[in-house]
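Please open the structure in a viewer and keep the selection tool at hand.

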Amino acid sequence: MTDRPVGSHVDQPILGTPDSFPERRPTSGRAGRTIAFVIIGIFIAIAMGGWGYVMMTARGNPDVLTIAFTVDGPNSVTITFQAHKPADRTSVCRLRATDVDHVEVGARDVTIPPGEEDVRLTERVDTSSRATSGSVQYCYLVQ
């Protein structure tokens, strides 16, 4: 503790004056830090490029495009879609119908057998009430 009375004012700096600190070393380490940042940057660029290559060549799930949908009445919707998948693999696509509040009113899984890479299908989805839109929610490869 200090020997000064409570409430007294101090006229000197609490941490000291500039003269009470040791001299700084010259900033010759700046070049070393720059090299370290360059190496880290190169490492990150290589890692991101590698990850991009892995994602590009993985070809996990099929590409799918909803081409059109038609509301057939209060109980069904017809969806036309195109899927691109490996020719030797089976895929399953989930078709979905939603109402004006974006609530799902119907869904159906469609199996696309092996044989063709690009497949265009038109499928009917039964609904529990009037749908306002139809789409392909997702596709995935089976075998």
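Helices and strands are here taken as DSSP runs, a helix having at least four residues and a strand at least two, and they are numbered from the N terminus. Read in that way, the protein follows the pattern α-β-β-β-β-β-β along its sequence, which comes to one helix and six strands. The model is a predicted one.

**First stop: the whole chain**

Begin with everything selected. The protein has 143 residues, and buried residues make up 22% of them. Its accessible surface comes to about 10900 Å², with 58% of that belonging to carbon and sulfur atoms. Among contacts between residues at least 6 apart in sequence, 61% join residues at least 24 apart.

**Second stop: the helix**

Select residues 30–58, which form helix α1. What is the secondary structure over residues 34–54? The chain there is 100% helix and 0% strand, and its end C-alpha atoms are 30 Å apart.

Next, show the side chains of F37, I40, F43, I44 and M48, which make a nonpolar surface patch of about 600 Å². I40 is found in helix α1. Is I40 buried, partly exposed or exposed? With a relative accessible area of 46%, I40 is partly exposed, because that value falls between the 20% limit for buried residues and the 50% limit for exposed ones.

Centre the view on L95 and display its surroundings. Leaving aside residues up to four places away in sequence, L95 touches I79, F81, G106, A107, R108, V110, E123, V125, S135 and V136.

**Fourth stop: the charged side chains**

Side chains of opposite charge can pair when their charged atoms come close. How many salt bridges does a search of the whole structure find? The search finds five.

Select E104 and R94, which form a salt bridge with their closest N and O atoms 3.6 Å apart. E104 lies in strand β4 (residues 104–112) and R94 in strand β3 (residues 91–98), so this pair ties together parts that are 10 residues apart in sequence. E104 counts as partly exposed, at 35% relative accessibility.

The side chains of D109 and R94 meet in a salt bridge of 3.4 Å, N to O. Because D109 lies in strand β4 and R94 in strand β3, the pair ties together parts 15 residues apart in sequence. D109 is partly exposed as well, at 45% relative accessibility.

R96 counts as partly exposed at 26% relative accessibility. With R94, R96, E104 and D109 on display together, the view holds one network, joined by salt bridges that share partners.

Note on methods:
Residues numbered from 1 in each chain as written. Predicted model: local features only at pLDDT ≥ 70, side-chain atom pairs only at ≥ 80, totals over all residues. Heavy atoms only, no water. Patch = residues over 30% accessible without salt bridge, like charges linked within 9 Å, V, L, I, M, F, W, Y side chains within 5 Å. Areas by Shrake-Rupley, 256 points an atom, 1.4 Å probe, with all protein chains shown as cover. Salt bridge = Lys/Arg side-chain N within 4 Å of Asp/Glu carboxyl O. Buried < 20%, exposed > 50% of the residue type's maximum accessible area, 1.4 Å probe, protein only. Contact = heavy atoms within 4.5 Å.
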